[in-house]
Amino acid sequence: SHAPLYHTQYQGVQVIMMLHLPNPGLASKILSHEQLEQLDSEEDEDRPKWDNKAQYRLTCVGFAVGLGNVWRFPYLCQVYGGGAFLIPYFIALVFEGLPLLHMELAIGQRLRMGSVGVWNSISPYLGGLGVASLLVSFLVGLFYNTILAWILWYFFHSFQNPLPWRNCPLNENLTGYVTECEKSTSVNYFWYRETLNITPNIETSGSLQWWIVLCLATAWCLVYICFIRGIETIGKAIYVTATFPYLVLTIFLVKALTLSGAADGLAYLFTPNWETLKNPKVWLDAATQIFFSLSLAFGGLIAFSSYNPQKNNCERDALIVGCVNSFTSIYASIPIFSILGFKANTNYNDCRNRNILTLTNAFNIGDENITLDNYDDWLSHLNNTDPSEVESLHLKTCNLQTFLDQSASGTGLAFIVFTEAVINMPGSQVWAVLFFVMLFSLGLSSMFGNLEGVLTPLLDLHMVPSWIPKEIFTGLICLTSFAAALIFTLGSGNYWLEIFNNYVGSLPLLIIAFFEIIGVTYIYGINRFNNDIEWMTGQRPNIYWQVTWRFISPLMLLVVFLAYVAIEAKQQPTYNAWNPNYVDFPLADVQPYLQWVYAICVLLSTLPVVSIPLVALYKLLGFLKRRIMNRHNQNPYENEAYVGDL
């Protein structure tokens, strides 16, 4: 038997029509409001609880606010017309980010389960959705913690005086500097050679870099220590990991605004270029940024909200977490761009000083006659009097705008651009230590959510034997993750990390979120969901939530998904290789992915979500098999007589 197309709303007031996949006994699988109230009053001992409201909100904020807020959002603002990017960003927040965030927090709180349990309860056909979230959380956790390992490596080196990336190392003969470093910069050399010891292409694996392996082991140990007893220990650690980045950002903000060139950086960030809004890629990137920035579809938020008491205002939680996340992105952009403005000014003045030295020597002009203030006048004068001589000097073109345009995202911003800027700041060691501690705190609180998205579903499904303590099981997960993440510590590890970042953390999340919102709105039933929220919060969701859940958010997710696939299908996937033998080195050697590597890219995009159709198909076949068996065995006596005649 299967659920009817029409059923009476469980409050018994009206009959509603609800799109229903075959889903026998939905009401029997989900605890009623009365049963939940009884559980709350009896203090259900099996499921841990948050100590207080602030702890829960800080954990959600810590999970949502991650490295992307510091190094991805400012980059998108820079590339897409400064302040103009905020328009598509806030549209995506209002119509896509907040509705999905509210939905995840509400359904987790109502059903008191992790992602696998939630979707399995709503419909057996959606069971693959929880498995998909679990796989994405696991795979993202692998490379995310490797970034934390790199941050630790830089943190340990930040105490040296001078900073190890300030100067190029001497060659073996001690007669000059290492050629690779001389051709590029000391900062690039420290990142690509001293830290990653990177290979010239992805096919050349290289060996395990033992120093990164040690840092990776340390990172996983720290995650394990904080996570050892689930939310009981996370709740204590989060007070530090979620609040410390704001303290550091504020210190950086005060310092950055006093740097020369800060105003240029801020003007560059906030001056809107409205023309960029005509580019559809701006809207696509805004939609994907808000989506990934809020850590939707990982299952971590559903797990965190499942530890809440039933009578809790999840709508207010969603608005607070969503707005704090977006505020953090903008707040972080101000010190970051002040520092980028300072760096651009420093490079601009260095460029002009080199030209001044060249002109002074070539024309035998007295020292300090040409200064930065009168450089343009002198250059104009010499160009008029002796143009051929000036041309033969091949002076560098120094343009402040060009230096400001040198955008960087992700690891490029953290480990190259920022470290270069820090060198020129007074007390550079202090700023380097603060910066990397801040990044580590941001990453660590996001790792809690990733690990929670793996552990809670496994524990809820009772896949862990009762004789294994939770601490041991958590340790086994961390150990497995550490072993799998060793691929990122190879010479080619950075290339693989980019692949995981681009393909695991993008398309699968869009697909999961689309099915999540369809599952809640049309299979669980929007009226049932509205009643649940009214019971939990004391007020029915308003027209804004109704319209976004039913129509706008699913439509936006579908459009973003189709646009993303269309753009990816047109492009030949390439990657930037660091190749000292490349003709135009130190420029990136842009290489296409080989066929087998591209096959892995496709696999990483599809593997996490293949469980969605597989589980649905498996359940459907089981359902059809039972129907056929029931039909054949409708009259067993007739069957026996028939057999007897034979």
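Analyst: UniProt positions follow the numbering used here, feature names are shortened, and annotations may be inferred rather than shown by experiment. The model itself is predicted.

User: Which residues does UniProt list for "binding site"?

Analyst: The unreviewed UniProt entry lists Gly62, Ala64, Val65, Asn69, Ser293, Asn325, Leu442 and Ser446 under that name. They span 385 residues in sequence, but no two of their C-alpha atoms are more than 12.5 Å apart, so they gather at one spot.

User: Is Asn69 buried or exposed, and how do you know?

Analyst: Asn69 has a relative accessible area of 2%. Buried means under 20%. Asn69 is therefore buried. Asn69 belongs to helix H4, residues 67-71.

User: What does Asn69 touch, beyond residues up to four places away in sequence?

Analyst: Its contacts are Ala64, Pro74, Ser293, Asn325, Thr328, Ser329 and Ala332. Among them, Ala64, Ser293 and Asn325 are also on the UniProt list.

User: What makes Ser446 buried?

Analyst: Its relative accessible area is 4%. The cut-off is under 20%, so Ser446 counts as buried. Ser446 sits in helix H22, which runs over residues 428-460. Setting aside neighbours within four places in sequence, Ser446 touches Gly62, Phe63, Val65, Gly66 and Tyr144.

User: How many disulfides does a search of the whole structure find?

Analyst: Two. Counting bonded cysteines along the chain, the pattern is 1-2, 3-4.

User: Why is the pair of Cys168 and Cys181 called a disulfide?

Analyst: Their sulfur atoms are 1.9 Å apart. A disulfide needs them within 2.5 Å, so the pair qualifies. Cys168 lies in the loop between helix H8 (127-157) and helix H9 (179-183), and Cys181 in helix H9, so the pair ties together parts that are 13 residues apart in sequence. Both cysteines are buried. The angle about the S-S bond is -85°, and the link is left-handed.

User: What makes Cys351 and Cys398 a disulfide?

Analyst: The S to S distance is 2.0 Å. That falls within 2.5 Å, so the pair counts. The torsion about this S-S bond is about -80°, so the disulfide is left-handed. Cys351 lies in helix H17 (residues 314-362) and Cys398 in the loop between helix H19 (387-392) and helix H20 (400-405), so the pair ties together parts that are 47 residues apart in sequence. Cys351 is buried, at 3% relative accessible area.

User: What is the distance for Cys226?

Analyst: The closest cysteine sulfur is in Cys478, 10 Å away, too far for a bond. Cys226 has 17% relative accessibility. Under 20% is buried, so Cys226 counts as buried.

User: Are helices H6 and H26 roughly parallel or roughly perpendicular, and why?

Analyst: Their axes cross at roughly 110°. Angles of 65 to 115 count as roughly perpendicular. H6 and H26 are therefore roughly perpendicular to each other. H6 covers residues 86-111, H26 covers residues 543-570, and the axes come within 9 Å. The crossing is left-handed.

User: Which residues of H6 and H26 meet?

Analyst: On the H6 side they include Phe95, Leu98 and Met103. On the H26 side they include Trp545, Trp549 and Leu557.

Definitions and conventions. Residues numbered from 1 in each chain as written. Predicted model: local features only at pLDDT ≥ 70, side-chain atom pairs only at ≥ 80, totals over all residues. Heavy atoms only, no water. Helix = DSSP H or I, 4+ residues; strand = E, 2+ residues; numbered from the N terminus. Buried < 20%, exposed > 50% of the residue type's maximum accessible area, 1.4 Å probe, protein only. Contact = heavy atoms within 4.5 Å. Axes fitted to C-alpha atoms, helices over the stretch in contact; angles between N-to-C directions. Parallel < 35°, antiparallel > 145°, perpendicular 65-115°, else oblique. Left-handed = near helix turned anticlockwise from the far one by under 90°.
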